[in-house]
Amino acid sequence: MPSSTRASCSARSAWGREPVPAPKGRIAVLIEEHFDPSEFRDFNAFFPERGHAVDFVSHLWGQPSLTFGSNPDNGYVEEHVTVTLEVARLDPADYAGVVLIGAYAMDRLRYQAEVPGPGSRNKAPAVEFLRAAMAVPGLKVGTICHSLWLLCADRALLAGRRVTCAHNIVCDVENAGAEIVYADGGTADLVVDGDLITAKHPQVTREFMTAFVREIEAAG
């Protein structure tokens, strides 16, 4: 299910600046088509300002690069990002943290071209990357809104974990064995469960990023 490449600027040229040094390490942000544009802008600003460079990573389907567009929230695609880092070739231990961007991108990243049969393990490259990431002691993994979908691809990644997420994927997350934290008539805004930091929706992106950086720096 490769995304079609369209004329667009890269994340670097879109933001009009040279790559930012990363004195506190790099954060890998998993991304695909239909990502949340407000989170994209916030990640690009917040993490580098606090010493963490951002690498956007994805499955590239054998291509040297692919360009992905954000959700058309205001009737048009506001943001594009050109990704050159193939997730299957990355070692999560090289990163200070891993973030899964919100909206529908993570559903696309759990796609696998072939499914051997009932009970088979999801072998999508992004899912394999997350298995490795969550096995690295102290490595922080963050999800926001719909992005917990990617962890639902393997029950072993979520079973017994305390999390929050967008209201409309509650059933998926609970069926994957997670315990959703509820508050004020809905899912909680933010939950920290060990090395897993989860947030409800883009309206709490600032709180999510602040908690994610705090957890990274506390572990370091």
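Let's start with a salt bridge: the side chains of Asp154 and Arg131 meet at 2.7 Å, N to O. Keep in mind that this is a predicted model. Where do Asp154 and Arg131 lie? Asp154 is in the loop between strand 7 (140–144) and helix 5 (155–158). Arg131 is in helix 4, residues 125–133.

Buried or exposed: which is Asp154? Buried, with a relative accessible area of 16%. Arg131 is buried as well, at 12%. The cut-off for buried is under 20%, so both residues fall below it. The pair also belongs to a network of salt bridges, which links Arg121, Glu128, Arg131 and Asp154.

How many salt bridges does a search of the whole structure find? The search gives 13. Here are two more of them.

One joins Glu78 and Arg41, with the closest N and O atoms 3.0 Å apart. Glu78 sits in the loop between strand 3 (66–69) and strand 4 (80–83), and Arg41 sits in helix 2, residues 37–49, so this pair ties together parts 37 residues apart in sequence. Glu78 is partly exposed, at 23% relative accessible area. Arg41 is partly exposed too, at 28%.

The other joins Asp107 and Arg110, 2.8 Å from N to O. Asp107 is partly exposed, with a relative accessible area of 32%. Arg110 is partly exposed at 22%. As a general point, side chains of opposite charge can pair when their charged atoms come close.

Strand 6 pairs with strand 7 in the parallel sense, over four bridges. Val98 of strand 6 has Val141 in strand 7 as its bridge partner.

The largest nonpolar core has 64 residues. Which members touch the most others? Leu30, Phe47, Val98, Leu158 and Val173. Helix 7, residues 205–219, gives the most to this core, with six residues. In general, nonpolar side chains in soluble globular proteins tend to be buried together.

Take Val98 again. Val98 is buried, at 0% relative accessibility. Setting aside neighbours within four places in sequence, its contacts include Ala28, Leu30, Phe129, Leu130, Val141 and Phe212. For a sense of distance, the C-alpha atoms of Val98 and Lys123 are separated by 19 Å, at 25 residues apart along the chain.

Last, Phe47. With neighbours within four places in sequence left aside, Phe47 is in contact with Ile27, Asp42, His52, Val54, Val99, Met209, Phe212 and Val213. Phe212 is on the contact list of Val98 and on that of Phe47. That's where I'll stop.

Technical notes
Residues are numbered from 1 along each chain as its sequence is written. This is a predicted model: local features need pLDDT of at least 70, side-chain atom pairs count only at pLDDT 80 or more; totals for chains, interfaces and linings use all residues. Side-chain values use heavy atoms; hydrogens and water are left out. A nonpolar core is a set of buried Ala, Val, Leu, Ile, Met, Phe, Trp, Tyr and Cys residues joined through side-chain atoms within 4.5 Å. Buried means under 20% relative accessible area, exposed over 50%, partly exposed in between (1.4 Å probe, protein chains only). Helices (H or I, at least four residues) and strands (E, at least two) are DSSP runs, numbered from the N terminus. Contact means heavy atoms within 4.5 Å. A salt bridge is a side-chain nitrogen of Lys or Arg within 4 Å of a carboxyl oxygen of Asp or Glu. Two strands pair if DSSP finds at least two bridges between them.
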